[in-house]
Amino acid sequence: MALTTIDMHAHTTASDGQLTPSELVRLAASAGISGVAITDHDTTAGVEEAMQEGKLAGIHILPGIEISTVADGQDIHVLGYYTNNADPQWQQRIGELRETRVNRNHILLQKLNALGLELTLDEVFAAAAHTTVSIGRPHFAEVLIQKGYVSNKQEAFDKYLGEHGAAFVQPLRIHPVEAFQWIRDAGGVCVLAHPGIYNNDSLVERLLDARPDGIEVYHSDHTKEQSIRYLQSANQRGLIATGGSDFHGISEDGESFHGGLGSVVMPLSTMEELYNKHLQRK
Ligand SMILES: [Zn+2]
Ligand SMILES: [Zn+2]
């Protein structure tokens, strides 16, 4: 069974993952799955390298992205697959999203400093030295841990960086329905990511009414009951049901943030469904 499965959600150093695209692909190959998606936050920078390594490792690479959006004040993630990454309009659009993230870093730093925490952007950039594109809250967390302000990442998010933290900055973001359109404009296929973590199924239903191509039914942070419910939504609406681990790496204490690579997989036929949708769109 394992030889025909794909993990459709994983992050690399192109955003906030710990492994380079090549390392991630090799780990996927050794994990015994036959494919892995590259879905970094607001960037496709890791896709090309992963494709090359995928050829060497003999596994399928599903090119993707995970776009950060907001609806009703709630962070909503939208997965995009098979976008044409040579499309200048597409690259410009996601480039602007990354710039928003940079501005957010400046405001976040000011808030932390105002709370009496002494750190600088240089230190955050140093913590992100192994990252190529998106510098964000995980790197702030690393510096806060290094400086002894908190003892681990969870505490950094709970106390300062997370939605209920003292220094939280709500970034300026596009609406998920806009992200659906951007992905389609670039010839891609759009999927509402991990609906279970929003704790807001009426919002999820409204977003599904806007007709993305798919919904991430299976995810490391979903309960079995949630997956069953979202599978019903997918079937009722004729949406593609996808799933993935949302692997980011392995922390110092050996725990995978979200889930282990290959811990949530779909049959390869799901990738084909996405590909066929993409072909219709070209
Ligand atoms: Zn996400
Ligand atoms: Zn993710």
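Predicted model: local features only at pLDDT ≥ 70, side-chain atom pairs only at ≥ 80, totals over all residues.
# A tour of the zinc site

Begin by selecting histidine 11 and glutamate 66: histidine 11 is buried, and glutamate 66 is buried too.

**Stop 1: the zinc ion (ligand 2).** Select ligand 2 together with its protein donors, which are His9 (NE2), His11 (NE2), Glu66 (OE) and Asp246 (OD). They lie 2.0 to 2.1 Å from the zinc ion. What is the geometry of the site? The angles among the four donor atoms run from 79 to 175°, and the site is irregular. Four donors count as tetrahedral if all angles lie between 85 and 135 degrees. Along the sequence, the donor residues follow the spacing H-x1-H-x54-E-x179-D.

Stop 2: Which residue bridges the two zinc ions? Glutamate 66 does, and the zinc ion (ligand 2) and the zinc ion (ligand 1) lie 3.5 Å apart. Glutamate 66 sits in strand 3 (residues 60-71), while histidine 11 belongs to the loop between strand 1 (5-7) and helix 1 (21-30), so this pair ties together parts that are 55 residues apart in sequence.

**Stop 3: histidine 11.** Center the view on histidine 11. Its relative accessible area is 0%, so histidine 11 is buried. Leaving out residues up to four places away in sequence, histidine 11 touches Asp16, Gly17, Leu24, Thr39, Asp40, His41, Glu66, Asp246, Phe247 and His248. With which side chain does the side chain of histidine 11 make a polar contact? The partner is the side chain of aspartate 246, at 3.0 Å.

**Stop 4: aspartate 246.** Aspartate 246 lies in the loop between strand 7 (240-244) and strand 8 (266-267). Its relative accessibility is 2%, and because buried means under 20%, aspartate 246 counts as buried. Now check the backbone: phi of aspartate 246 is near 65°, a positive value in a residue other than glycine. Most residues other than glycine have a negative phi.

**Stop 5: aspartate 42.** Finish in the loop between strand 2 (35-38) and helix 2 (47-57), where aspartate 42 is located. Is aspartate 42 buried or exposed? At 3% relative accessibility, aspartate 42 counts as buried.

Conventions: Residues numbered from 1 in each chain as written. Chains lettered and ligands numbered in written order. Heavy atoms only, no water. Donors = N, O, S within 2.8 Å, 3.2 Å for Na, K, Ca; no water. Tetrahedral: all angles 85-135°; square planar, octahedral: opposite > 155°, others 65-115°. Helix = DSSP H or I, 4+ residues; strand = E, 2+ residues; numbered from the N terminus. Buried < 20%, exposed > 50% of the residue type's maximum accessible area, 1.4 Å probe, protein only. Polar contact = N/O pair within 3.5 Å; in protein donor to acceptor, adjacent residues only side chain to side chain. Contact = heavy atoms within 4.5 Å.
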